[in-house]
Protein chains: 2
Amino acid sequence: METGALLIPATLLQTRPMNEAESKQEPRGRLSATDWELAALDVLAANGVAAVAVESLARTLGVTKGSFYWHFPTREALLKAAIDRWEQRDEDQVISRVERIAEPRERLRELFHRVSREVQSHLVYAALLQASDNALVQPVIERISKRRLALLTEAYAEAGFEPLAAKHRARLAYTAYSGFLQLNQRHGMPRMDQEEYAAYVDHVIATLVPA
Amino acid sequence: METGALLIPATLLQTRPMNEAESKQEPRGRLSATDWELAALDVLAANGVAAVAVESLARTLGVTKGSFYWHFPTREALLKAAIDRWEQRDEDQVISRVERIAEPRERLRELFHRVSREVQSHLVYAALLQASDNALVQPVIERISKRRLALLTEAYAEAGFEPLAAKHRARLAYTAYSGFLQLNQRHGMPRMDQEEYAAYVDHVIATLVPA
DNA sequence: GGCAAACCATACGCATAAGTATGGTCTCTG
DNA sequence: CAGAGACCATACTTATGCGTATGGTTTGCC
């Protein structure tokens, strides 16, 4: 049903062909709405919601505002389009991918590992969390939280937890996840290296997933 | 151990005498720098860092900008003063208070309970976390994170954890804490009622603190 | 090759919020 | 009770960033 590497957003891995001098001005002919959305996701992941500004984006795309307002009526529209794209492309695929695993404990372990594998792929989510007071992103992260929480809760329930205990453990796991994102991306806490990080993930799994 | 009153910042509980019509304009004579700092902490807790604006603050204090710029050279100065006040008043007291408990497991449990007792008292910290990209608050939350993480790590180590395991468990506990703040204050996730919340805290303690 | 439509540049308007300049009023103290 | 310093109001200036108006250039297509 799905193809392999779709888990990781193209924008985050720079899969998009880096044809001309990508650093700044890259005058690759005309632009489409999609180009703007991808660029928006890039700066969203790198610098947060507030950094998604039309004049700034236009500069990095080698054009001016005039271009932008042909493709989008407003900045909000771009933000919404970009977030929608991200949400459907990444979010839905993580869910559907993990949901297929029958054994609940294995499903949980896989979920934790997936989340940990490519931290980069969660920069957008971290940025959205950070800007959750924004009227546009608030419903998004609320929706995503509900969905992921439900996934976790069900897995724990299937793994033998009492309904309430499953709910609590799911909440614990999910808050640990988003707290980790918040404290590691772009600030705070001493950054971990690769093996320390792997060891940490193992510890989390050992602690939060029943043997 | 119900000394909890000191835990909760005065600003959050409105301990300050509510002499005249506090809702809006409250013309209580002249103002001091401290008044501005307390008011700043109020809106900081209620509406985040961005909401700490001088004209807005002036309105709620019943004065104009002219007053503000007599007490402070800049908005940043106010923010720094307010955060400093909060950090020293609240943060130091939680630490020093909990550090006195000799038994490590009891110390951990007390820490979790303290944190959970008055969610209100952590609105400021949640607001700071949210604005951690701000150049002023970034070092603050970094400093606080290090301190709290060290406290947790030491407690786990004393409780018999291997050094690395203690570090990991501490990180897990701390990220769960800040993730919880992030997802509950002012957005996201369905709000919990009182008893569900208490049950959740118990679950967290049972899961993260060794028996 | 010429005309629409798609795409873009330039030059504005406008709102917000910080910060400045200047002069007023209160209050304490000698 | 008078003057000095503390406190505040009013009226600016300035910077940023969204959005608009208008016209220019490119591209697909007959």
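Colleague: Which residues touch the most other members of the largest nonpolar core?
Modeller: Of its 97 residues, A:Ala40, A:Leu44, B:Ala40 and B:Leu44 do, where a nonpolar core is a set of buried Ala, Val, Leu, Ile, Met, Phe, Trp, Tyr and Cys residues joined through C-beta atoms within 7 Å. This is a predicted model, in which local features need pLDDT of at least 70 and side-chain atom pairs pLDDT 80 or more, while totals for chains, interfaces and linings use all residues. Residues are numbered from 1 along each chain as its sequence is written, with chains lettered from A and ligands numbered from 1 in the order in which they are written.

Colleague: And what does A:Ala40 touch?
Modeller: Leaving out residues up to four places away in sequence, A:Ala40 touches A:Val52, A:Leu57, A:Leu78, A:Leu79 and A:Ala82.

Colleague: Is A:Leu111 buried or exposed?
Modeller: A:Leu111 is buried because 24 other C-beta atoms lie within 10 Å; buried takes 20 or more, exposed 12 or fewer, and partly exposed lies in between, with C-beta atoms placed from the backbone.

Colleague: Switching to the chains, how many residues of chain B are in contact with chain A?
Modeller: 32 residues of chain B are in contact with 32 of chain A, contact being C-beta atoms, placed from the backbone, within 7 Å.

Colleague: Which residues are closest to DNA strand D?
Modeller: Among the 19 residues that surround DNA strand D, the closest are A:Ala53, B:Arg30, B:Val63, B:Thr64 and B:Gly66, near meaning a C-beta atom, placed from the backbone, within 6 Å of the strand.

Notes
Two residues are in contact if their C-beta atoms, placed from the backbone, lie within 7 Å.
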